[in-house]
Amino acid sequence: MSTTDPAQTTDPAQTTDPAQTTDELRRFGQLLTQHQSRLYAFIMSIVGHPETALDVFQESNLVLWRKAALFDHSREFLPWAFAIARNQVLAARQRKGRDRLLFDEPVIETLCAAAIERSAGIDDRQLALSGCLESLPAEQRLLVEQRYRQEQELESIATSSQRTANAVGVALFRIRKSLADCIGNRLKAVRS
Amino acid sequence: MSTENPLDEFRELWSRSETDSLSAEDRRRLSELIAGDDSVRSAMLDQLEVEALLRWHHGGVRSTTHPAPLESAPEVPQSGWRPSRAVVAATCTVAGLLVCVGLLRYSESLPRAVHSRPTDSAAPSPPDESVAESAKPIGSRHQTLDPPEGIDRQALESWSEIPAAGTVYRIVASDRIQLETGWLRLESHKPSQLVVDVVNGSAASKSGKFQIRSSRVDDNGTFQIMTRIEVLEGAVRFANDSGTVTAKANQGITCKAQDRPRIERPRDERPRDERPR
């Protein structure tokens with residue numbers, strides 16, 4: 001992925017027709033809305049920390065909106081958006097140091113390539129997740145509810161379930177592994 | 001630690017990263033494992049991807065994509081200022097709202113074909129003690145999107161609707177919408193009944209604010225239509241042939257494949273640091 005800002009490659013003076021601009025802004029809004037989950041998953045994959053990922057995701061959205069008039073609609077949207085998101089991750093890394101970003105820049109670059117490859121199927125995996133969640137044992141489903149719907153901290157879940165926070169972390173790790181396997185199997189079954 | 005199986009070592013480190021208890025040495029080792037071992041990298045990407053899917057699924061990142069009222073929009077300085085997270089979210093959502101408004105006003109291609117209101121429909125009554133509970137959805141679930149000839153474009157009278165991109169719906173009367181697929185946010189300007197028909201049943205409200213989504217979900221290898229409603233203000237009653245439920249503010253309703261609708265427990269809307277630990 002290029003390290004230059006891809007939004008700078010288009011001359012904004014080319015889009016001066018108001019009607020064209022309105023239409024392009026509308027199309028841009030559709031593209032951005034349509035790809036929100038992919039953008040978020042991409043950022044999460046290279047940041048590795050949920051709350052930092054959310055910050056970067058929202059900052060990336062703001063930057064994307066600011067650069068909307070610069071987007072060349074003859075080109076693909078996602079590579080352009082991912083490049084901007086990647087730049088935001090690197091900027092966040094510079095601002096925050098290593099506090100909440102797990103990875104060094106070379107690792108981020110490696111993860112970028114892998115995350116881009118995976119992003120194509122994210123919508124199908126999102127659909128498959130619903131079925132996989134319902135197939136979880138009740139105890140695991142409760143843990144997912146507590147962590148992701150009620151957004152409880154690990155320590156809070158640990159206290160209410162009389163476990164250590166680390167034990168809850170390990171349980172969540174296993175649940176995510178199990179869900180990843182389930183999603184993969186369901187998609188294989190649907191495609192075959 | 002480096003003599004362990006890399007995947008076991010990764011699992012141990014990753015579980016600890018959730019409690020923010022990684023040392024600098026742990027971080028260095030984690031980066032080393034991810035950069036040097038394909039199986040570890042794949043396992044980590046699985047973890048992060050499912051983490052993202054779960055947060056998305058449960059609404060943990062919805063603030064960015066959901067439209068906000070225009071009056072909540074702050075001005076964003078062009079430079080020399082770092083916007084707060086809340087301001088960024090509000091700005092993004094307002095930008096999304098503006099696009100939706102532009103879409104409504106300027107695009108003739110928006111799928112808002114109109115139909116006459118079914119005359120003998122029995123919609124769920126709005127949640128009001130004075131209204132009977134024997135609500136049933138209307139029977140117009142599978143109409144085509146082509147508008148019938150001679151029917152004028154209609155608009156809601158006392159409610160405003162904000163659709164997400166890709167949403168397919170039609171306003172069948174000044175107090176009735178059919179949502180085919182996608183996501184709608186609805187807000188009343190004055191007390192007046194509104195009915196939203198989806199494939200799994202019908203939702204009714206007299207006033208307030210709610211959002212309703214109709215989407216496909218994978219159910220053991222077969223795709224089903226899932227309806228989700230989140231009540232932000234007021235109350236919403238949802239009814240189909242299998243049952244009727246009423247949700248109040250901060251509650252949700254889910255219904256899949258025309259099963260009995262269910263009330264979802266309310267989300268804890270308090271800031272994280274004010275929630276019980």
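## Reading the helices and strands of chains A and B

User: How do you know that the length of helix α3 (residues 38–57) of chain B fits its 20 residues?
Analyst: The expected span of a helix is 1.5 Å times one less than its number of residues. For α3(B) this gives 28 Å, and its end C-alpha atoms are 28 Å apart, so the two agree. A helix here is a DSSP run of H or I with at least four residues, a strand is a run of E with at least two, and both are numbered from the N terminus.

User: Before we go on, what kind of model is this?
Analyst: It is a predicted model, in which local features need pLDDT of at least 70 and side-chain atom pairs count only at pLDDT 80 or more, while totals for chains, interfaces and linings use all residues. Residues are numbered from 1 along each chain as its sequence is written, with chains lettered from A and ligands numbered from 1 in the order in which they are written.

User: What makes α3(B) "mostly covered"?
Analyst: A residue is buried if 20 or more other C-beta atoms (placed from the backbone) lie within 10 Å of its own, exposed if 12 or fewer do, and partly exposed in between. In α3(B), 14 of the 20 residues are buried. After this helix comes G59(B), with a positive phi near 85°.

User: Why is R228(B) called partly exposed?
Analyst: R228(B) has 19 C-beta neighbours inside 10 Å, so it counts as partly exposed. This residue lies in strand β7 (residues 222–240) of chain B.

User: Which residues is R228(B) in contact with, leaving aside its neighbours within four places in sequence?
Analyst: Contact means that the C-beta atoms of two residues, placed from the backbone, lie within 7 Å. R228(B) has such contacts with R213(B), G252(B) and T254(B). G252(B) is 24 residues from R228(B) along the chain, and their C-alpha atoms are separated by 7.1 Å.

User: What makes β2 and β3 of chain B a pair?
Analyst: Strands pair if DSSP finds at least two bridges between them. Strand β2 (residues 168–173) and strand β3 (residues 176–188) of chain B have 5 bridges, in the antiparallel sense.

User: How many helices and strands does each chain have?
Analyst: Chain A has 9 helices and 0 strands, while chain B has 4 helices and 10 strands. Buried residues make up 40% of the 192 residues in chain A and 37% of the 277 residues in chain B.

User: Why is α8(A) called roughly perpendicular to α9(A)?
Analyst: The axes of helix α8 (residues 154–161) and helix α9 (residues 165–191) of chain A come within 8 Å and cross at roughly 105°. Angles of 65 to 115 degrees count as roughly perpendicular, under 35 as roughly parallel, over 145 as roughly antiparallel and the rest as oblique. That makes α8(A) roughly perpendicular to α9(A). Where they meet, α8(A) brings L154(A), E155(A), I157(A) and A158(A), and α9(A) brings A165(A), V168(A) and G169(A).

User: Where is the kink in α6(A) centred?
Analyst: The kink, of about 25°, is centred on A128(A). A bend at a residue is the angle between axes fitted to the seven residues ending there and the seven starting there. Among the buried residues of α6(A) are A128(A), L127(A) and L129(A).

Methods:
Axes fitted to C-alpha atoms, helices over the stretch in contact; angles between N-to-C directions.
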